[in-house]
Amino acid sequence: MEKTSQSIDFASLANLLQPGQLITNPVELITYEVDASIDRGTPDGVVYPQSRDDVSRVVRWATEHDVPIIARGAGTGLSGGAVAENGGLILHFSHMNHILNLDIAGRSVVIEPGVVNRNLDEYVKQNGLYYPPDPASSRAATLGGNIAENAGGPHCFKYGVTTNYVTGLEIVPSDGGAVQLGGRALDYPEYDFSGLLTGSEGTLGIITKAYIRLLRYPPGVETLLAAFDTVSDAGDAVSALIGRGLVPATVEFMDQKMMVIIEDFAQAGLPITAGAALIIEVDGYKNSLSAQMDEIAAVLHEHKVLDIKMAQSEDEREKIWYGRNNAAGAMARLAPAYLTLDGTVPRSKLAPTLTEINQICERYAIQVAYVFHGGDGNIHPFLLISDLSDQELMKRVHDAGYEILETCVRHDGTITGEHGVGIEKRAYMPLLYNNDELNAMREIKEVFDPRNIMNPGKIFPEDQGAREQGGMGAGGKRSKGVERQESRGESNACNKITKIHIPGSTEDACEIVFTSRNINQDIRIRGGGTKSSLLPDAEHVLQTNQLNGIIEYAPQDLYVSVGAGTPISELQAALTNHNMCVPLTSPWDKATVGGIIATNFNAPLRMRYGGLRDLVLALTVVMPDGRVIRVGRPVVKNVAGYDLTKLFVGSHGTLGLITEATLKLNPMPRNRASLVVPVEDLELGLQWNHELMRVCLAASALLLCKGVKGLSDAPHTLIYTAEGLAEDVAAELLQARGVLEVGGVGRVDQNHTLSGSEVWGHWLQADEKGSNGVQKITSLVRVGVAPKDLPSLLKILAPSLNESSYIADLANGMMYIQNGGDLANIRAEAHKANGYAVRLTAPKHMIETTDHWGYFPESLELMRKLKLRWDPQGLFNPGAFLV
Ligand SMILES: Cc1cc2nc3c(=O)[nH]c(=O)nc-3n(C[C@H](O)[C@H](O)[C@H](O)COP(=O)(O)OP(=O)(O)OC[C@H]3O[C@@H](n4cnc5c(N)ncnc54)[C@H](O)[C@@H]3O)c2cc1C
């Protein structure tokens with residue numbers, strides 16, 4: 001029976017809270033009926049939690065009483081996410097709005113969910129730091145809402161979206177117990193549930209704390225306005241800029257209608273006689289700004305620009321942004337309501353998509369205006385609604401909306417790039433995802449929220465028929481892959497006979513998985529085999545080396561799709577010919593794209609470009625029951641449903657077999673140089689590091705190396721690499737030299753060929769081969785802690801590592817130790833600093849006796865539940881990870 005406000009036992013809830021924390025007065029509840037979308041619903045009550053314990057108590061109570069819980073930040077959401085459409089209890093986070101801890105040197109911040117986006121950015125800016133995700137609603141929207149929606153903004157073209165900055169979360173799932181996911185260190189050995197929760201719209205758990213990484217605030221910025229005759233000319237110019245390998249900080253797009261509306265409201269100086277305009281901003285060191293702008297202007301001139309106007313002062317720049325960010329407010333003067341869509345398409349499809357959207361709106365006689373993130377292909381058509389109660393008009397608006405999003409999906413885009421699905425787009429989810437994909441998301445929901453009390457009804461389409469299972473295995477094609485048998489008696493006490501399968505396609509792989517599942521036999525997934533030495537044998541080995549090669553190379557859209565068995569080295573060699581790269585590196589020649597994603601093996605250069613979780617846009621995955629799902633899309637913004645790509649990064653093949661991957665492309669850095677500094681005294685070297693961390697903007701490595709041949713004669717060597725535009729590299733290395741000089745450094749060598757990540761890769765590879773070139777697998781341990789804690793950890797561990805060689809990746813809080821140290825002691829010290837130490841390789845005699853992980857994440861129970869749900873027989877990569 002549906003509960004009514006009268007039948008809910010609010011007295012028992014009030015007993016758990018302080019006076020004033022719960023409101024149930026119907027008049028006061030009216031404020032909470034809406035967010036910024038056109039959806040409506042009255043909650044039964046609102047609670048203002050002050051702490052995580054409040055949240056836990058309320059969630060436990062709600063579960064016991066079967067009352068829906070809807071988290072709310074500022075209520076600026078544009079898809080009805082914070083609307084209590086079927087009643088329930090709203091948790092309003094306005095009181096949990098504290099910045100808990102800012103770590104300036106380590107560049108991270110811990111916050112409560114009610115902190116307002118702009119307040120955070122302004123606070124960290126005072127300390128020279130930068131939080132890039134900047135939704136146009138940043139003056140009001142909260143970080144909790146941003147994380148739950150995976151919000152983006154104008155600067156996400158260069159810097160990425162919210163998920164790229166969330167390293168950890170504390171959440172309260174529906175059982176009321178708090179769970180920490182990730183944290184301040186990177187790459188914790190656990191499923192990336194903080195990546196999964198980001199963008200989950202409050203349907204999996206309540207966010208009570210977030211760990212956020214920050215960047216250095218760029219020292220300079222310049223902004224221009226470019227006017228075009230037509231929308232499609234402006235769209236072509238965006239594609240051309242990107243195709244040329246330019247990376248401005250923003251590329252924002254407005255059509256004429258929108259410019260007139262904004263100009264009327266804000267007098268921002270927009271070119272209202274033009275058909276469309278772009279706001280392009282570049283940032284970096286002062287010397288590089290004009291060089292970047294000259295190059296951009298040259299491309300615009302080649303693409304029919306009518307006029308280019310540079311902002312001449314900070315005032316002028318602010319005016320432009322004020323206008324852009326208040327587009328929604330300006331629209332409100334024209335019509336009492338509007339439907340904002342935010343489908344995303346690969347950027348090269350912008351111009352044709354805009355033409356189609358205009359035709360759709362014309363056909364439905366709907367007025368439309370645009371302002372959107374052109375660089376991301378994230379289109380915001382605003383469909384004007386003159387009367388919300390006009391049923392006929394509303395039907396036309398929704399029908400036009402459906403066709404617009406269908407158009408985006410047809411162009412290999414998505415139904416929402418940043419506003420979320422909520423109520424508004426749930427019916428459109430089947431446009432994008434098939435039943436298997438939707439069911440995979442539903443199963444996650446059931447693992448986290450079995451009673452369905454967390455924001456129920458949001459995201460998922462109501463159609464029950466969708467639960468029918470697909471899966472290609474049953475009716476799949478006959479395998480064309482290779483199959484052979486191998487006895488693995490030597491290394492396996494059970495003397496298992498191992499069948500080796502080499503599928504040639506996703507369908508082949510799917511059939512192999514399906515067959516082995518039916519006879520209950522386990523499968524070891526093998527990429528390049530670089531990690532397999534650590535793993536026990538299995539009845540079937542599924543080798544990915546024939547899932548090889550580039551499937552699609554899309555430089556204008558900055559992505560490349562490849563077979564998962566493609567060696568990274570081959571991919572990079574192919575891309576180098578086009579002056580492009582995927583900012584990944586692996587020490588091992590044979591390492592495959594699938595293997596590196598599954599093991600989440602990141603090089604030091606992730607400090608500049610992000611880690612694998614940031615670089616993988618989409619994956620094709622065969623699940624343990626033979627279902628094939630495509631997760632993510634080849635666009636930089638997709639917030640439709642759960643971000644399943646994050647689950648497969650670093651889950652060591654225990655949740656699925658990756659057969660194809662789509663990765664972000666980057667233009668090859670035009671310039672790169674490194675400073676190499678001999679370090680006689682470790683303490684002093686760590687002080688230099690502390691100061692150098694403040695400088696890092698174009699830096700792609702900051703390493704402290706011991707025992708790495710060919711660097712210096714000193715006990716340790718510091719390496720600082722910067723890459724990017726020549727002007728930025730030169731300016732940064734000059735600053736770094738200045739820091740070192742003040743620190744009393746005697747000798748600094750500048751090297752134009754060496755890069756920190758290559759030094760790291762060669763060191764790992766050399767060890768593996770041994771001095772005589774013969775394969776010699778030794779012990780390699782990776783430690784991860786918050787970057788601020790690595791120097792003190794290093795000081796504690798150094799005396800016991802005299803015989804070892806190591807590289808401390810100081811900016812990322814990682815340390816790699818070869819051949820040495822007492823693992824138990826290293827782990828104990830890492831755990832004290834809320835970090836971890838895992839064994840990456842080991843000689844044969846150690847394999848069976850060592851626990852490679854030594855780590856029990858708070859999410860282990862949830863991990864096990866998900867594994868059990870997707871792989872109840874435990875057949876995929878047994879023993880490869882914690883589950
Ligand atoms: C004028 C305007 C401009 C906008 N521009 C942009 C833009 O450029 N980019 C962009 O991405 N969005 C934009 N938005 C949309 C909106 O501002 C974002 O989605 C924002 O992230 C919502 O934050 P909020 O605090 O208002 O969240 P709310 O609207 O309160 O909630 C949004 C969702 O988050 C969930 N949630 C909130 N807090 C928590 C929590 N602590 N734990 C779990 N779930 C939680 C809610 O349940 C809901 O599902 C804009 C909106 C407006 C009105």
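This is a predicted model: local features need pLDDT of at least 70, side-chain atom pairs count only at pLDDT 80 or more; totals for chains, interfaces and linings use all residues.
Residues are numbered from 1 along each chain as its sequence is written, and side-chain values use heavy atoms, with hydrogens and water left out.

Helices (H or I, at least four residues) and strands (E, at least two) are taken as DSSP runs, numbered from the N terminus. Several positions of H24 are buried, among them Asp-728, Val-729, Glu-732 and Leu-740; here buried means under 20% relative accessible area, exposed means over 50%, and partly exposed lies in between (1.4 Å probe, protein chains only). Gly-744, with a positive phi near 85°, follows H24.

We can turn next to the ligand. Around the ligand there are 35 residues, of which Ala-71, Gly-73, Thr-76, Ser-137 and Thr-142 come nearest; a residue is near a molecule if one of its heavy atoms lies within 4 Å of it. By class, this shell has 15 nonpolar, 16 polar and four charged residues, where Ala, Val, Leu, Ile, Met, Phe, Trp, Tyr, Cys and Pro count as nonpolar, Asp, Glu, Lys and Arg as charged, and the others, Gly among them, as polar. Polar contacts are pairs of N or O atoms within 3.5 Å; within protein, one must be able to donate a hydrogen and the other to accept it, and residues adjacent in sequence count only if both atoms are side-chain atoms. An N or O atom in the side chain of Thr-142 lies 2.7 Å from an oxygen atom of the ligand. Backbone atoms take part as well: a backbone N or O atom of Gly-81 is 3.3 Å from a ligand oxygen atom, and a polar backbone atom of Ile-207 is 2.9 Å from a ligand nitrogen atom. On its own the ligand has 970 Å² of accessible area, and the protein covers 94% of this; accessible areas come from the Shrake-Rupley method with a 1.4 Å probe, and for residues only the protein chains shown count as cover. Strand E3 (69–72), helix H5 (143–149) and strand E10 (206–213) are the elements that give two or more residues to the shell. H5 gives the most, with five residues. Ala-148 also has its place in H5 and, at 14% relative accessibility, counts as buried. Its C-alpha atom is separated by 25 Å from that of Val-621, 473 residues apart along the chain.

Aromatic pairs come next. A pair of aromatic rings is described by the distance of the centres and the angle of the planes. Rings of Phe, Tyr and Trp (its six-membered ring) pair if their centres lie within 6.5 Å, with planes under 30 degrees apart counted as stacked, over 60 as edge-to-face and the rest as tilted. The count by this rule is 20 aromatic pairs. Tyr-402 and Tyr-428 form an edge-to-face pair, because their ring centres are 5.5 Å apart and their planes are at 70°. This pair links distant parts of the chain, 26 residues apart, with Tyr-402 in helix H14 (residues 391–410) and Tyr-428 in the loop between H14 and helix H15 (429–432). Tyr-402 is partly exposed at 38% relative accessibility, whereas Tyr-428 is buried at 9%. The pair of Trp-588 and Phe-601 is tilted, because the centres are 5.1 Å apart and the planes are at 45°. Trp-588 and Phe-601 are both buried. One aromatic cluster is formed by Tyr-191, Phe-193, Phe-448, Trp-853 and Phe-881.

Asp-187 has a positive phi of about 55° and lies in the loop between strand E9 (179–182) and helix H7 (193–197), where Asp-187 is buried at 12% relative accessible area. Asn-877 has a positive phi of about 45°; this residue lies in the segment after helix H29 (860–870) and is buried at 6%.
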